[in-house]
Amino acid sequence: MRYLIILLFLFSCANPYGKHNGLFGTGYKDTKISENKYRIIYQGNGYTSKSVLVDYNSRRSSELCPKGYSKLSEELELVGGLGGGAFAAMPELTTIIQCK
């Protein structure tokens, strides 16, 4: 029981920046669409705000395009969900960028 409480505590907080971890589905995934165009999807948990997702997507965009980029589209949606808190519907921000 003690381990369950510790695990719930660890995964109930806002997610840090990083690659999609697969465990609870938080983090970024990116796909190269063409030579200089990428799709970045950043999924948070029930505690992640849109502003954090935008910051994380901007950070990943800068990593993929060190000379700069143009944002072509951005879409926020809620996916999944198993109740409240960290397990509520998870915000997912999809951004398409063009590197300069």
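**A chat about one chain**

Visitor: Where in the chain is Gln98?
Guide: Gln98 sits in strand E4. Keep in mind that this is a predicted model.

Visitor: What does Gln98 touch, apart from its close neighbours in sequence?
Guide: If you leave aside residues within four places in sequence, Gln98 is in contact with Asn36, Lys37, Gly68, Tyr69, Ser70 and Leu72.

Visitor: OK, step back. How many helices and strands does the chain have?
Guide: There are two helices and four strands. Read along the sequence, they come in the pattern α-β-β-α-β-β.

Visitor: And how much of the chain is buried?
Guide: The chain has 100 residues, and 34% of them count as buried. The accessible surface of the chain is about 6,200 Å², and carbon and sulfur atoms account for 58% of that surface.

Visitor: What share of the contacts is between residues 24 or more positions apart?
Guide: Taking the contacts in the chain with a separation of 6 or more, 58% are between residues 24 or more positions apart.

Visitor: New topic. How many disulfides are there?
Guide: The structure has one disulfide. In general, a disulfide is a covalent bond between the sulfur atoms of two cysteines.

Visitor: Which residues does the disulfide join?
Guide: The disulfide joins Cys65 and Cys99, with an S to S distance of 1.8 Å. Cys65 is in the loop between helix H2 (50–64) and strand E3 (69–79), while Cys99 is in strand E4 (residues 90–99), so the pair ties together parts that are 34 residues apart in sequence.

Visitor: Is the disulfide left-handed or right-handed?
Guide: The torsion about the S-S bond of Cys65 and Cys99 is about -55°, so the disulfide is left-handed.

Visitor: Cys65 first: buried or exposed?
Guide: Cys65 is buried, with a relative accessible area of 4%. Cys99 also counts as buried, at 12% relative accessibility.

Visitor: Let's do rings. How many aromatic pairs are there?
Guide: A search of the whole structure turns up five aromatic pairs. One of them is Tyr17 with Tyr42: the ring centres are 6.2 Å apart and the planes are at 20°, so the pair is stacked.

Visitor: Where do Tyr17 and Tyr42 lie?
Guide: Tyr17 is in the loop between helix H1 (2–11) and strand E1 (27–34), and Tyr42 is in strand E2 (residues 37–43). They are 25 residues apart, and the pair links distant parts of the chain.

Visitor: How are the rings of Tyr28 and Tyr42 placed?
Guide: Their centres are 6.3 Å apart and their planes are at 40°, so this pair is tilted. Tyr28 is in strand E1 and Tyr42 in strand E2, 14 residues apart. Both Tyr28 and Tyr42 are buried, and the relative accessibility of Tyr42 is 0%.

Visitor: Which residues form the aromatic cluster?
Guide: Tyr17, Tyr28, Tyr42 and Tyr56 form one aromatic cluster.

Visitor: What lies over the face of Tyr17?
Guide: Arg59 does, at 3.8 Å from the ring centre.

Visitor: Last one. What does the side chain of Thr95 make a polar contact with?
Guide: The partner is the side chain of Asn57, at 2.5 Å. Thr95 is in strand E4, and its relative accessibility is 1%, so Thr95 counts as buried.

Visitor: Which other residues does Thr95 touch?
Guide: Besides Asn57, Thr95 touches Tyr38, Arg39, Ile40, Lys71, Ser73 and Glu74, if residues up to four places away in sequence are not counted.

Conventions: Residues numbered from 1 in each chain as written. Predicted model: local features only at pLDDT ≥ 70, side-chain atom pairs only at ≥ 80, totals over all residues. Heavy atoms only, no water. Disulfide = S-S within 2.5 Å. Buried < 20%, exposed > 50% of the residue type's maximum accessible area, 1.4 Å probe, protein only. Contact = heavy atoms within 4.5 Å. Areas by Shrake-Rupley, 256 points an atom, 1.4 Å probe, with all protein chains shown as cover. Phe/Tyr/Trp six-rings, centres within 6.5 Å; stacked < 30°, edge-to-face > 60°. Lys NZ or Arg CZ within 6 Å of the ring centre and 35° of its normal. Polar contact = N/O pair within 3.5 Å; in protein donor to acceptor, adjacent residues only side chain to side chain.
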